[in-house]
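Reader: I would like to go through this model in a few quick questions. Shall we start?

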Amino acid sequence: MKKEEYKTLAKIIPDPEDSRGTPRKVERWQVLAAIRYKHLRNIPWHNIPSSYPNFKTVHWYYVHWREESWWPAVSKGLGINELETRGR
């Protein structure tokens, strides 16, 4: 995923509200790129290459994001089939 593609999607994704005040250790565009990589190649989470953030971190974001009202627009922008993201 190119940063230009992310800039378009970033307008849809709200800034996270972290009540603990801790800074993020991964960039959201890297997480989105890893999710896209995983789904376009139809691989298990643990097979995401190490050039992306840790697969557990990516999966955590994915599980939480897909329940958000904005996720269908983002998944469409990533080229992910919505039925596939629901595990059907």
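**Helix, core and loop**

Author: We begin with α2. Its buried residues are Arg28, Val31, Leu32, Ala33, Ala34, Ile35, Lys38 and His39. Keep in mind that this is a predicted model.

Reader: Which residues have the most contacts inside the largest nonpolar core?
Author: Nonpolar side chains tend to be buried together in soluble globular proteins. Here the largest nonpolar core has 20 residues.

Reader: How far apart are the end C-alpha atoms of α2?
Author: α2 has 14 residues. At 1.5 Å a residue, the helix should span 20 Å. The model agrees: the end C-alpha atoms are apart by 20 Å.

Reader: Is Asn42 buried or exposed?
Author: Asn42 follows α2 and lies in the loop between α2 and α3. Its phi is positive, near 55°, in a residue other than glycine. Exposed means over 50% relative accessible area. Asn42 has 64%, so this residue is exposed.

Reader: What is the distance between the closest N and O atoms of Arg66 and Glu67?
Author: The structure holds one salt bridge, and Arg66 forms it with Glu67. Arg66 counts as partly exposed, at 24% relative accessibility. Glu67 counts as exposed, at 56%. The cut-off for a salt bridge is within 4 Å, and the closest N and O atoms of this pair are apart by 3.6 Å.

Note on methods: Residues numbered from 1 in each chain as written. Predicted model: local features only at pLDDT ≥ 70, side-chain atom pairs only at ≥ 80, totals over all residues. Heavy atoms only, no water. Core = buried A, V, L, I, M, F, W, Y, C linked by side-chain atoms within 4.5 Å. Buried < 20%, exposed > 50% of the residue type's maximum accessible area, 1.4 Å probe, protein only. Helix = DSSP H or I, 4+ residues; strand = E, 2+ residues; numbered from the N terminus. Expected span 1.5 Å × (residues − 1). Salt bridge = Lys/Arg side-chain N within 4 Å of Asp/Glu carboxyl O.
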